[in-house]
Structure formats: structure tokens, C-alpha cells
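Thanks for coming. Please look at the structure while I talk.

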There are 2 protein chains.
Amino acid sequence: MSFIKKNKNCGEIRLRNTNETFVLNGWVSSRRDLGGLVFIDLRDRSGIIQLVIEPENRPDLYEKAKEIRSEFVLWVGGIIRERSNPNKTIPTGLVELLVSDFGIINRSELPPFDIADGIDTNEELRLKYRYLDLRRPELQEKFIIRNKFYQIVHQYFYENNFLEVETPILMKSTPEGARDFLVPSRIHNGRFYALPQSPQLFKQILMISGFERYMQIVKCFRDEDLRSDRQPEFTQIDVEMSFIDQEDIFKLIEGLMQKTWKEILNIDIIAPFRRMTWEEAMTKYGSDKPDLRYCMEISDITSIVKNSEFKVFKDAIEENGRIEVLNAEGCGSFSRKQIDNITDLAKKYGAKGLAWIKVQEKDVNSPIAKFLTDDEIKYIIDKCAAKPGDLLLISSDKKYKALNILGAVRIECAKQSGILAKIKNQYSFHWVTDFPLFEWDEETNRFYAMHHPFTSPLEEDFKYLDTDPGKVRAKAYDLVVNGAELGGGSIRIHDNNIQQKMFDKLGLSAIEIEEKFGFFIKALKYGAPPHGGVALGLDRIVMTLSGTDNIRDVIAFPKTTSGLSLMDGSPSNVSNEQLKELAIKIIDEVNVNIT
Amino acid sequence: MSFIKKNKNCGEIRLRNTNETFVLNGWVSSRRDLGGLVFIDLRDRSGIIQLVIEPENRPDLYEKAKEIRSEFVLWVGGIIRERSNPNKTIPTGLVELLVSDFGIINRSELPPFDIADGIDTNEELRLKYRYLDLRRPELQEKFIIRNKFYQIVHQYFYENNFLEVETPILMKSTPEGARDFLVPSRIHNGRFYALPQSPQLFKQILMISGFERYMQIVKCFRDEDLRSDRQPEFTQIDVEMSFIDQEDIFKLIEGLMQKTWKEILNIDIIAPFRRMTWEEAMTKYGSDKPDLRYCMEISDITSIVKNSEFKVFKDAIEENGRIEVLNAEGCGSFSRKQIDNITDLAKKYGAKGLAWIKVQEKDVNSPIAKFLTDDEIKYIIDKCAAKPGDLLLISSDKKYKALNILGAVRIECAKQSGILAKIKNQYSFHWVTDFPLFEWDEETNRFYAMHHPFTSPLEEDFKYLDTDPGKVRAKAYDLVVNGAELGGGSIRIHDNNIQQKMFDKLGLSAIEIEEKFGFFIKALKYGAPPHGGVALGLDRIVMTLSGTDNIRDVIAFPKTTSGLSLMDGSPSNVSNEQLKELAIKIIDEVNVNIT
């Protein structure tokens, strides 16, 4: 099983190499015996090249080649020559290697699926045989992009004088929001480490330590019920700076995005990115991460129809609701069935119904036209800047609920109108700013921090902290591209009194605060500098760069939505000795798998 | 608490900046009120500069400055001028900033210890207030070195066509050697993930996936009883390559070490490094990681004294032992007490005693001289190439035990002779190769893999696998500098039959193999390429680069030797709800802290 080492990568051979002699190593992608000739496509990470064995001249090689099958590992020596039947779809397609000698380095059983791009094998099988799936060039390409992105990130922050610092993976459990993964301690039985949901406190501690500029590409963990675009472990680009304001963070990250899009996609992105308050994003687009590649804005027509006799509007207004209209531009041609489907979508978001008006050259087509005066219709069209061919979709409900419904409807209209397909290679970056500090939770009847409890309020809203916390805006921001959130951050609280107040507002008791965050509050008392930062979702950015919607395409060894690794079978059973050392016991079998 | 942002770093100001106006942000390192003048040393990450407030000209500032204390955070505006009393020990020592305005951004309580280099505060207090300890310039310097090293590593491997790939932190438990940290699954109650001791199987899987060149700077975890130079989580530079041999790995890593030592320490390291087999390292230096900055070799004098009547030698030889001599060069001046101490050390390593011979100009001084003939003494001196002034230390025992004892003695002699102090800025890199494949464990009466069970045997030793496994050498190697192991690796097994055989020899049952490694054996059947790699201890390398013996100096948030984080108090208690969701229970309190 010795072999001769390659001196060339398959995918790098070109016409200029004709008559040169190379040794290649790689995998058999396919083998065709045409009687007169044996053709083998040999694959390595760089690409594929055609090998040819001529039985006439080398009957010995022909004989030896008979046992070659797909995915065998070969070393091959030979000379490059021009192909008589060029294949212009691959970079090496003009040449082939005429084999003068070869050896089988390793054999392969028959793979359970074809190792080729665009296969439609079910994902479960592909995850089980991840090592075979990862041989597919289209999947490898995504990891090459991911790798390039890492390098850009490291280099960019280094040049900007950041220190990469590793924060602990084994840390303290401080669940607030998502669940922690726990790690039982063997030395201190009964006590647990937690895996970080983010290194939030540690990066703030580093600012208190005077590091001034910190960054890290870091694994984070959330034990949540997974959605299809989530993983229990994910990677974030974690950044924190001292003595700065929000604009410094924006400028820094805009530079990174420009560099990345230029170097990986050769696309020039214009900066500064548009800044939009959360309030504007919500009222205009019904979303805190609007896709701004297309227009389709929302308008508030409450005042126009405030005297309308139309019962739906009247009821909503009486309950302090709003009448909001989405101008689905160019969607006037939607069929009744399409509009019904969109109404069903709206209902999923809690709408009772969805009124619509098709704007036409001379009049409108609408089931509610009869309830509205001509002036009302005219003002509505005017307010929405609607043109003939546009479709107006109307939601009447509590303000943010109505907006949220129309936000979802907006995306669906864009999809169905065919706009999304046309703008798929465009990128619209923007910042959403001034998020609310708190979110009221009806279920638990308390405020939660919309970002996290370390986010600074806007100075001008300090006054509402006691009187009307729901009104307080935060120095919090999200980076959005094409309707997806790439990351978010905030200016943090650096005053320990305000931090204490914040915890109070969140309903944490003094004991809870001390137990969970005591060390941090203490650190804030020793000269904390003003600081803020951002965390970008690395997996999400690589998905955007490589044009996939499947997070599992950009993670080498992903888990299923139920947290299983199908390849190695984790999580798995462990021995009783292991559990005994940890002084833990699994609760009776009945509970197993019932949560 | 608003502030004016800095436009200059404290440590970058020089004489050429005289008469320029700057705004600085930083921490008060010290404050001296000399009546006539107030001097403040202001510190940021870049360094320290002196501020001066003149009460005569600015009584308002003088008044305001009265409340300034150590570690307060300030913004300061002013003009640079030459100091009348220059301080040549710091780079900014020729200038000072005459304050024209300032503000207190944040206050600080009195720190529990002085934030200054070379403090002797006990480490426990410093770990508890890690954020204050990290403000000390000498500690920050180590993280600046660590950061530079990261960048060198990323760039080097990128330029060498490696793909950085992240492997999972939540993986399968396959304990073999060290203990795994476990993570209970909430979704699949009763089952556990494990944190990786190393991504060994995943990097091999990536080779089977055709990635060819993989690298990662990755956290690894071992739940061991910690020694002072170990941490439960540590960082390794993990590398794997396909279609290569051992020399390719050596060349790659030598290049990295040359680049690192040049860029960080401005030291030229000569490559290729010396290669030395494990057998040579053991027989010449009594260690598998010998420090080659000094000589002091071991010689086998068994054949010289084989007919000696000296009982100690005679007994050892009769029991198939060896008589091994360390030439502790230049240690002939050691006092009787020093030799006694060295003998005590030898006893810790299991020696029954330690014979010694001081070589003098004309004769020898030795308690055992009387048992040896003149010829024997002459031959011993000759064999050891000993000169007058040398000290010969003799151990008689089983071969590797005797060697191991003398290996420890060798280091101690180097220390006591003062050699180590003289060569402390020299670096001697070398590779130790051809490690034994197996290690026999007397306690469990079985073989263990000396590196790990995926290490390939030398082809020429295949024949001993069945007949004499202890004799089989492995394609395994360690990188050693100055007596410390920086990392190690091996050429792996890529043939699934040999892999199976390896597991058999390790006494794993078919069921165990299938449960733990079934997925991997399966992967080996689908065209595994020849491959090998190495893992370097990043923490250890940074320790070497920054000249510290304390691993906690190069980890931002380290744990104590009992695995505690004194700053945040982890591991900590968690709520019953958390445990209930995980379906685990802590075994009765009696066991707590008794393991």
C-alpha cells in the first residue's frame, strides 16, 4: 500500500502542460471501459481530470485497471496530451493524462449514493455518510468560501488593532432567555459548568480589563428546540470595543462586509449602509429585518378611514387599533386564488382577514369598495402612492400586530410577483437601530430584555425607565441584508447603578442578581470604560455568500433538527462508571425521550 | 457620563508630537499631588503617559482633579510638551500632556491589589479579580504575543493551501485514555454528548472526505486531575494532510516555527530540525523530550562492569538490568549535599540509589571506586568521554527505568550547574520519531496505544504485531523544544483491516469497537487516502514565546488546578428545573465532593 506522492493537483492541469509528466493522487469519480480505451475521471480537492489507458500499447495496465471501481484511491503517473473530444464544462476539459503507470492505494465499497453535484438523495442518508457527501465539489466549494471568509475576518481585525482572545467554553450557567447546555463537574460533584450562549460577559470583562478591542471567532451553544435553520452549536464573530459609539461599530463592520463581498464575490458594496430605526422598519416594512431590495411600503390609513362605516375598520379603530395598508406593487394581476393564499398566510400571523384593493387605470377592483367613499379610496391610493397594476392589502389590528402581518405578506407578495428571483444576486445592507429596550411577555407577565440585559438605554429615554419602560429605546442595532439578520449588537451599560436598575426592571431578585451576575456587577465597580460591540452569525454570512438556504451546507458536521449527529450517532449512551464519577443518575426510564 | 473620544493612544506619543493637541481615554495608573502640580499617569492598552495639571493656571481643573483616584476612567484633552524630568524607562518618558480639560468617565473602588508589573499578590486573589490582573502591562503583553501567533498560524496555513474547518464541540463519547466531559441531552434523555479531547476522528474523516489539507485552532477538553501546567480546556493547532509522509509534516511545521520565531522574537531558527528516534532519545538522554541545549549524555556500561564484584551492579545485571551512566559535565564540584539531593530525586523516580564518580585530573573520587578495578574505571571514563571536573551518576536497574531516572537527574544537574540560566534564550528544536506503538500497563495487564489507536505501525514492524507487539514502532513523532513537548502526531492507519487489528491488540471487544468506532471503521471502507497529521499545543507554544512557566499567564480566564473559575464561581449549582429537563438527578449528598 505504498504509493507515489503527487506532484500536481488534478484540477490545475491545462493545455500549456501538454507533454509534461505528472504524478496524480485522487479518487475515481467514474470509469468507462469503451473496449478500445479505458477512461477514468480522477478527482482531488482541486478538480477532476480525465485519465486514459490504451489497451493496445499497455495491455498490462488495461488488465490491472479492470478492478478499479468508483471512489478507489489511485496514484497515477503519465503524460499530458490534448483531448480529441474536449469537455468545455470543466477547466481541465481540453487535456487528459495518458497513464504510464498507476497503483491502487485503497479500495472502496460501493457508495450508497452517487458522489455528484445536484443529487437528490435524501438528506438523512447524506448526513449518515457525511464523508461521502463532503466529497461533492459543490459542497467542498462552500467550505472553501468559508475558509476564505475566516482569513478575511482574522486579517481585517488584526489590521484594525483588535486582539483575538479566547474566552472559556466551560463557564457559569446564567440562563436568561435560551437554555444552557450543562456539563457536570466530576471534581465538584453536584455542580455544573455551562457552555456559552455567547461570550457576552467575558467580552465585557475584557473591556473592563483594558483590552480596548477584542474579537474572536467563537462557538456558541443554545439548547433550544431547533428550527430548520438553527444548530445547537453555531459560530459567531464576536467583537467588542471601548471608548466608542455606535457609529464606530457600524463603520468597522461596513468595512468588513465591503472587503468580504469584494474578495469573495467581486461585488462592490456601497457604504455607509442605510440606517433605519426599528420604528421606521416596523411601520414601513412590518419587519425588524426588512428586505430593501424592493420597495412595497406600508402606510397608515387610520386617519383617512376614521369615520368609515365599514365595520371591520370601525371595530379596529374603536379598540385603539390601526388600519395599515401594504402596497404590493405590480401585484394587481394576482388571481383570486393567490390572494386567498396570501390571506391564509396572514391568518397564520393572527389576522382575522385581509382586505384588498386592486388599483386599475380608471377605478378599483375591491370587495370593500362599496363600504368606502370615492374620496376615501382616492386618499388611500394617494397615501400609498399606488399606481394602476398595484395591489393594496389592508390589515386592521393592534398597531404592531397589523404591521407584523403585513411584513409577512410583503415577503410572500415579492416571492409570488417574481421580483425575488430577479434580484437574487443583489445585496442590500442596512442597519436597524433604536430597538425597544424591553419586550413585554403576556405569558409570564413581565418585561424581558429585547437584546440582553446589558444593553444601554438611549440617554434621552432614561426618564421613562421608571414610568414607562416599554417606551425606552436601546442603543441596540442589527445588521440586515436581503431580509436576513447577519448580526446584532449594542452599546453596553458601563455604570453599575444603571445595570442594577436594569436587572430590577427585569424582575430579578437581589439574590438572583448576586448569584448569577454578582461577579459582573462587582467588575463594573472598578473603572469600566464605555464600550459596545456586535456579534455576527458566521454560518449565516457564509450561507449568504455561497447562496444556500440550508445551514447544514456550511457546517462540516451538522446536527439534525433534533440534535442528532447521524454520522457518529451522538448523543449516545455512556457507561455507568462515567455517570458514577459525575455523581449523577438518569431519572427513571419512563421519562426517557418524553420532555 | 458622556465623554470625548480619544484621537490618540497614550503609549504612542513621542517627542515629535510636541505642541500637538490630543484627546486621550484611559485609566489612572497613579496620581501624585505635589501641591504645586498634579501628576497623573494615564494608562491604556498601548502604554502609559504622564498628565500634568497646573493649579496656578487652571485652579478649576485642580479642584476637579482632587477626587481622582487610581483606576478611575478619564477623558483628557491637552497639549504635548517636553518633560523637565524625563523618564527614560518608558517610551513616552520624554513628554507629558498638559491638561486643558478632562472628565471622569467612570469611578473605581480601591482595587484589592496594586495594578503593576512584578506584584507578588497571591494568585488566588488575582484570579478572583482577573479583570484587574489583566490590566497589568506584563500580562497584556502575553496576549498581544498570543494574538500575533494566531495570525501567523492562520496566514501560514492559508498560504499553504489548508482549509480551516470547524469540527463539532458536541460529539460522541469515546473515552480511551483520558476522561470525557459529558453533556446531557435534553431532547434525547439518558443520552450524552461529549466534549472533544481532540478532533482526531473528525480530522481523519475530513481526509476521507477529500479535503486533503485541514487545519484548525481548536479548543479541546480533558476531565483529568489537573497538574499545575494543565487546564481542563486547552487550545491546539490541529493539522491533517493526505497523500503525504512524515517528512512533509516535519517540513510544514518547521516552516511555521521559523516564521513564528522570526516574526515574534526576531530569532532565526535553523531547519531542518534534528530527527532523533525515541530509542536514541531514551538511551542518550533518558527522556522522550530531551533538552538538547546542553550535552550531558548517558552511556551504557553494562558490558564494562559485567564481571564486577560490586553487588549493586551484579544484582542488577543478574536481573537483566542495565548499568547506565550520566555524564553530568562540569558538575564535579557538586557538594555532598547536592549529590544527596539528586539521589533523593532519583529515588522519587524509583531508584534504589545513585552511585557517583567525580573525575579528577589524576584519579577519581567515588564511594564505589573501591569496588571497581582501575581498568573498569578507565573504560567507564572513556565510554562517557568524561573529563576532569565531570560528575558521573550511575543507575542500575531495568533499562528504561534506569534511563528514566537519569533523564530526571540530567535536568536537575543542568539546573544546579547554572547551565540552564545561561541558555535560557536559546531554542533547540528537534523531532523525536519512531515511538513504540504500544505501552504495556502493569496495572490493567494490557497494551495501550502510546499515542492513540489510529497511529500507523512502521511497515517493517508489521511482522511483530502478532508475535511481539511491544517491539512494534509507530510512525509517530513529537516536536520538542528545550525539553518541552510542543506537539505530536503520526501517520495514521488508512487500511480498515489494520485498524481492526489495532483495536484487537488493544483488547477491545467486537461490540466495543462497533459501538465506539463503528462509524469510523465504516468510513475507512470507502476510499480512505494515506494521511497523517500533527497537533501542537498552542498554550504551550505561547508560554515558550513569552517566557513563562505558568499556563495561567497565557489563558485569559483560566481555571485553578481543581477546575474552578474563581472569577465567576463556576462550576456552580443549577436549578432543579434545569436538571429535570435533562432527566438527571444528583446522587445523594453524601457523595458530594467525594470522588
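In α9(B), the buried residues are I339(B), I342(B), T343(B), L345(B) and A346(B). Buried means under 20% relative accessible area, exposed over 50%, and partly exposed in between, with a 1.4 Å probe and protein chains only. Viewed down the helix axis, these buried residues fall within an arc of 155°, so they line one face of α9(B). That arc is taken from the directions from the helix axis to the C-beta atoms. K337(B) and K348(B), on the other side of α9(B), are exposed.

This is a predicted model: local features need pLDDT of at least 70, side-chain atom pairs count only at pLDDT 80 or more, and totals for chains, interfaces and linings use all residues. Residues are numbered from 1 along each chain as its sequence is written, chains are lettered from A and ligands numbered from 1 in the order written, and side-chain values use heavy atoms, without hydrogens or water.

What do the buried residues of α9(B) pack against? They pack against β14 (355-359), β16 (391-397) and α11 (399-417) of chain B, where contact means heavy atoms within 4.5 Å. Helices (H or I, at least four residues) and strands (E, at least two) are DSSP runs, numbered from the N terminus. Just after α9(B), G350(B) has a positive phi of about 100°.

Now chain A. Five strands form a closed barrel there, in the order β1-β2-β3-β5-β4, with mixed pairing; two strands pair if DSSP finds at least two bridges between them. Strands β4 (73-82) and β5 (95-106) of chain A pair in the antiparallel sense over 10 bridges. I79(A) has L98(A) in β5(A) as its bridge partner.
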